[in-house]
Amino acid sequence: GQGKILYTKYGCVGCHTVDGSPNTGPTWLGLFGKEEEMTDGTTIVADEAYITESIREPNAKIVNGFASPSAMPSYSYLTDEEIASIIAYIQTLK
């Protein structure tokens with residue numbers, strides 16, 4: 001699908017695995033709907049809103065155990081449609 005193409009095109013593949021193995025950023029395997037603890041101790045659910053925010057503002061909320069500030073650049077230039085495609089792809093990774 002389109003999301004998988006964008007995963008490679010925008011370089012997400014460089015830091016986010018889809019098979020659960022560790023990397024610079026959290027794996028996308030099983031990510032959607034997962035509860036994650038943030039560096040500030042709060043807990044979020046990785047839903048559409050959180051993933052969209054993370055793509056546009058990677059430093060807004062950082063998963064505990066990952067670099068703060070985030071090594072991830074902002075991808076605020078992605079369209080809503082592109083972000084929706086990426087999220088749809090993440091939802092398939094179970």
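**Aromatic cluster and helix packing**

Biologist: Is W28 buried or exposed?
Modeller: W28 has a relative accessibility of 7%. Buried means under 20% relative accessible area, exposed over 50%, and partly exposed in between (1.4 Å probe, protein chains only). W28 therefore counts as buried.

Biologist: Which pLDDT must side-chain atom pairs have to count?
Modeller: Residues are numbered from 1 along each chain as its sequence is written, and side-chain values use heavy atoms, leaving out hydrogens and water. This is a predicted model: totals for chains, interfaces and linings use all residues, local features need pLDDT of at least 70, and side-chain atom pairs count only at pLDDT 80 or more.

Biologist: How do Y7 and Y89 pair: tilted or edge-to-face?
Modeller: Five aromatic pairs turn up in a search of the whole structure. Rings of Phe, Tyr and Trp (its six-membered ring) pair if their centres lie within 6.5 Å; planes under 30 degrees apart are stacked, over 60 edge-to-face, the rest tilted. Y7 and Y89 sit 5.7 Å centre to centre with 55 degrees between the planes, and the pair is tilted.

Biologist: Which residues form one aromatic cluster?
Modeller: Y89 is buried at a relative accessible area of 12%. W28 and Y89 form an edge-to-face pair, 6.4 Å centre to centre and 70 degrees between the planes. W28 lies in the loop between α1 and β1 (35–37) and Y89 in α3, so the pair ties together parts 61 residues apart in sequence. The cluster consists of Y7, W28 and Y89.

Biologist: Are α2 and α3 oblique or roughly perpendicular?
Modeller: Helix α2 (residues 48–56) packs on helix α3 (residues 80–92) at about 120 degrees, with axes 10 Å apart. Axes are lines fitted to C-alpha atoms, for helices over the stretch in contact; angles run from 0 to 180 degrees between N-to-C directions. Under 35 degrees is roughly parallel, over 145 roughly antiparallel, 65 to 115 roughly perpendicular, the rest oblique. The two helices are therefore oblique.

Biologist: Which residues does F66 touch, beyond four places away in sequence?
Modeller: F66 lies in the loop between α2 and α3. F66 is partly exposed, at 25% relative accessible area. Contact means heavy atoms within 4.5 Å. The residues touched are N23, T24, G25, P26 and T39.

Key:
Helix = DSSP H or I, 4+ residues; strand = E, 2+ residues; numbered from the N terminus.
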